[in-house]
Protein chains: 2
Amino acid sequence: MLKQEVLQELATIVGRDNIATERQDLLCYSYDATQMEFLPDAVVHPANTEEVAAIMRLANSAGFPVFPRGAGSGFSGGALPKTGGIVLVTTRMNRILRIDTENLIAEVEPGVVTEQFQQEVEKLGLFYPPDPASLKFSTLGGNVAENAGGPRAVKYGCTKDFVMGLEVVLPTGAIIRTGGETYKGVVGYDMTKLLCGSEGTLGIITKIVFKLLPYPDAKKTMLTIFDSIDGAAKAVSSIIGGKIIPTTLEFMDYATLQCVDRRFNLGIPSEGRAVLLIEVDGDRDLIEKQASQIHDIIRPLGLVQFRAAKDKAESEQLWQVRRLVSPSLRDVNPDKFNEDIVVPRSRVPDVIRRIEAIRQRHDIPIVNFGHAGDGNIHVNIMVDKKIAGMEEKAHQAIREVFQAALELGGTMSGEHGVGLSKAPFIELELTPDQIAAMKAIKQALDPNNILNPGKMFPW
Amino acid sequence: MLKQEVLQELATIVGRDNIATERQDLLCYSYDATQMEFLPDAVVHPANTEEVAAIMRLANSAGFPVFPRGAGSGFSGGALPKTGGIVLVTTRMNRILRIDTENLIAEVEPGVVTEQFQQEVEKLGLFYPPDPASLKFSTLGGNVAENAGGPRAVKYGCTKDFVMGLEVVLPTGAIIRTGGETYKGVVGYDMTKLLCGSEGTLGIITKIVFKLLPYPDAKKTMLTIFDSIDGAAKAVSSIIGGKIIPTTLEFMDYATLQCVDRRFNLGIPSEGRAVLLIEVDGDRDLIEKQASQIHDIIRPLGLVQFRAAKDKAESEQLWQVRRLVSPSLRDVNPDKFNEDIVVPRSRVPDVIRRIEAIRQRHDIPIVNFGHAGDGNIHVNIMVDKKIAGMEEKAHQAIREVFQAALELGGTMSGEHGVGLSKAPFIELELTPDQIAAMKAIKQALDPNNILNPGKMFPW
């Protein structure tokens with residue numbers, strides 16, 4: 001519990017209207033997209049960098065933990081106030097400060113919603129590619145803190161690849177700029193990339209300088225169905241080996257396909273075992289040529305259906321198959337654990353086979369879909385929490401899925417992060433020396449362990 | 001001076017043939033591409049990671065500094081043994097361990113020469129884009145430690161953008177892996193990017209996992225000459241605004257042009273004030289289309305010559321203009337200070353004008369060329385050290401050039417790094433809080449200040 005004087009000081013910093021301590025308000029900031037809940041002692045909504053810095057200085061002197069939060073759409077509990085203390089919400093800092101069309105740079109505050117930013121830059125003919133599934137509500141600050149990915153990462157990279165510089169309030173309250181506004185820069189350590197994906201444990205992001213691209217001329221969507229997982233996986237490496245790097249290479253396995261087809265009756269051929277939704281973008285002539293090259297490349301790989309969209313409306317129709325996945329899954333079981341392992345591209349069939357064995361061993365429904373282009377598979381373990389023992393079974397299955405990914409040279413998480421939900425598993429992936437080096441950095445920047453404590457590492 | 005027992009232990013670790021203490025041997029490792037010289041107490045050539053780790057453990061217990069070194073081609077003194085101690089040379093660790101054509105990944109030891117690696121991957125139809133000017137002799141470990149750039153960075157990025165993972169011996173002697181072999185991965189802090197560009201101060205790189213690309217289908221080179229710097233600069237932003245991102249956009253100013261033409265008589269039109277050497281790569285049809293689009297875009301910008309290469313031989317001829325720059329410069333003055341400032345692309349004309357004013361103020365020859373696509377200008381201050389006072393004048397001019405770059409939103413260095421040569425200037429660019437945060441990280445990972453001490457920050 002925070003002392004009355006501390007609450008008083010917080011109110012002085014952010015203004016009385018921007019601090020909440022009533023239970024009904026606290027509840028709103030006690031959960032995220034995971035199924036965990038922790039109640040904070042107070043929620044503050046600072047308006048600017050100076051207020052954030054003042055909060056951090058107070059937190060160090062009074063000794064309470066601070067949990068930064070954007071929209072709370074995270075899948076790993078990164079924004080949850082595990083140890084009480086305050087939740088610091090960045091959504092009032094939501095201005096797009098400038099879009100520089102000459103240097104293809106934008107500067108924003110952390111509370112800007114991802115999709116809104118995309119729309120604003122697109123109005124100027126520019127392109128911000130990162131497209132996490134949460135983009136309609138997630139904030140850019142959260143995207144940077146978690147290094148959000150998305151389907152387009154195979155061609156364009158993740159959020160981190162578009163961050164040129166940051167303004168950050170360090171755990172001690174010091175305000176620093178990292179990186180810059182130039183495409184090259186090698187003066188000092190790369191604090192920018194260190195902060196990206198640090199899950200709000202090393203600093204609070206208060207401004208972001210993004211790199212932008214010219215908006216692509218055109219795009220072309222193809223829905224392709226294969227008679228085996230191996231065919232679909234081989235298609236991925238053959239397309240890239242054919243010097244074509246698609247914007248997206250979205251994958252759905254047989255279980256996913258069945259779910260979607262059962263509910264929405266999309267007319268998927270009965271011999272279909274795996275779907276690849278492929279999109280290319282760029283020069284109008286080139287993408288037509290690439291679509292026909294892709295068809296030639298994948299034809300011998302057990303292709304049972306190939307549909308290429310002729311226009312935007314047809315493209316939307318093909319994307320429906322992918323978008324209907326989430327609503328269909330609930331038919332299987334009401335609850336799910338959504339993990340996001342990654343394996344080297346060529347190991348996708350192996351990992352899918354191992355997950356199939358895990359599914360059979362535990363007799364628990366698992367459906368897999370995701371970003372085949374970069375080997376990032378969303379493994380959805382479908383549970384009904386009302387059935388006794390099913391949740392425990394799911395946790396055991398998750399551990400085995402992580403082990404499978406790691407044994408195949410992969411990682412436990414490509415997009416969601418560690419936060420609270422994967423912290424118990426981190427020693428599967430990182431060695432004691434790796435963890436010690438990361439902890440040393442955390443301790444160096446946050447000597448009082450004020451910022452987002454208890455996340456990522458086993459402390 | 002190292003004690004006899006310490007030298008004995010070092011010899012036991014690396015073998016008697018792989019340690020040198022004779023003055024003539026030490027001299028070979030006392031300099032790099034700067035004009036500084038520091039004699040080490042000993043030079044060791046470890047063969048593998050375990051030997052590197054054993055050296056670091058010994059260095060911590062016996063208390064001597066270690067300076068890692070690849071080919072010693074650095075431009076900022078990063079490999080120089082400023083405080084004595086040992087130079088640790090990585091050139092015996094020079095194997096390409098594997099090239100995975102399916103996942104487009106390669107794993108190498110740090111001592112592999114950059115160009116040799118490029119040639120090996122090209123044999124397999126793959127592409128490693130980073131192309132520092134030193135690529136014929138620089139090593140990949142050095143490239144990663146300095147985050148080497150090059151002309152192709154405007155399209156493809158710098159060395160860091162191709163590093164997926166590392167094996168590193170930390171200053172304490174612990175061996176860790178960072179990153180991985182997947183395109184996505186968000187478990188733990190991004191130690192990989194932190195190590196890239198850390199100039200050998202945070203760890204010794206013993207293995208590198210690189211991301212590769214398919215080798216581009218074709219390329220097209222264009223030599224374009226403008227009647228003003230502003231025209232050339234406007235050309236850069238107009239081409240990129242026209243949705244074409246060239247592989248290279250190399251720039252030469254009037255002084256450079258005069259040097260080259262005076263010596264090699266290339267028939268450059270008398271009204272020519274700036275050159276852009278433009279190259280596009282990719283699909284064969286697309287690049288022809290892009291070349292003609294580029295011609296249309298830049299025609300109204302004071303274009304006085306446009307030559308497009310029809311084949312590889314003609315392309316080589318156009319590149320000659322760029323390659324002859326270095327040999328021509330010596331005609332001006334025998335010695336030069338080669339700085340590599342960066343400004344946002346749109347500020348290139350401004351910075352060139354400011355440098356012109358600095359040149360006039362100090363009456364010292366300065367020629368500028370470099371990578372206009374990312375605003376990275378190589379500023380060459382030409383001096384004759386035999387002329388009394390000229391070197392001091394040059395140092396003052398360098399400080400003013402750095403100030404100009406910083407005032408225009410840029411950085412002191414895009415490729416060369418800080419090392420020793422820019423350490424005296426680092427407080428022009430970084431604030432005390434930025435430096436404190438970076439030093440805290442260095443101290444956390446290197447508590448005894450063993451690894452490459454005295455570099456980068458004012459200690």
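The questions and answers below concern a predicted model.

Residues are numbered from 1 along each chain as its sequence is written, and chains are lettered from A and ligands numbered from 1 in the order in which they are written. Local features need pLDDT of at least 70, side-chain atom pairs count only at pLDDT 80 or more, and totals for chains, interfaces and linings use all residues, while side-chain values use heavy atoms, with hydrogens and water left out.

User: Is A:T90 buried or exposed?
Analyst: Buried means under 20% relative accessible area, exposed over 50%, and partly exposed in between (1.4 Å probe, protein chains only). A:T90 has 7% relative accessibility, so the residue counts as buried.

User: Which residues is A:T90 in contact with, leaving aside its neighbours within four places in sequence?
Analyst: A:T90 lies in the loop between strand 4 (86-89) and strand 5 (96-100) of chain A; strands (E, at least two residues) and helices (H or I, at least four) are DSSP runs, numbered from the N terminus. Contact means heavy atoms within 4.5 Å. With those neighbours set aside, the contacts of A:T90 are A:R69, A:G70, A:P110 and A:G111.

User: Through which surface do the copies meet?
Analyst: Of the interface residues of chain A, 100% are also interface residues in chain B. The copies therefore meet through the same surface.
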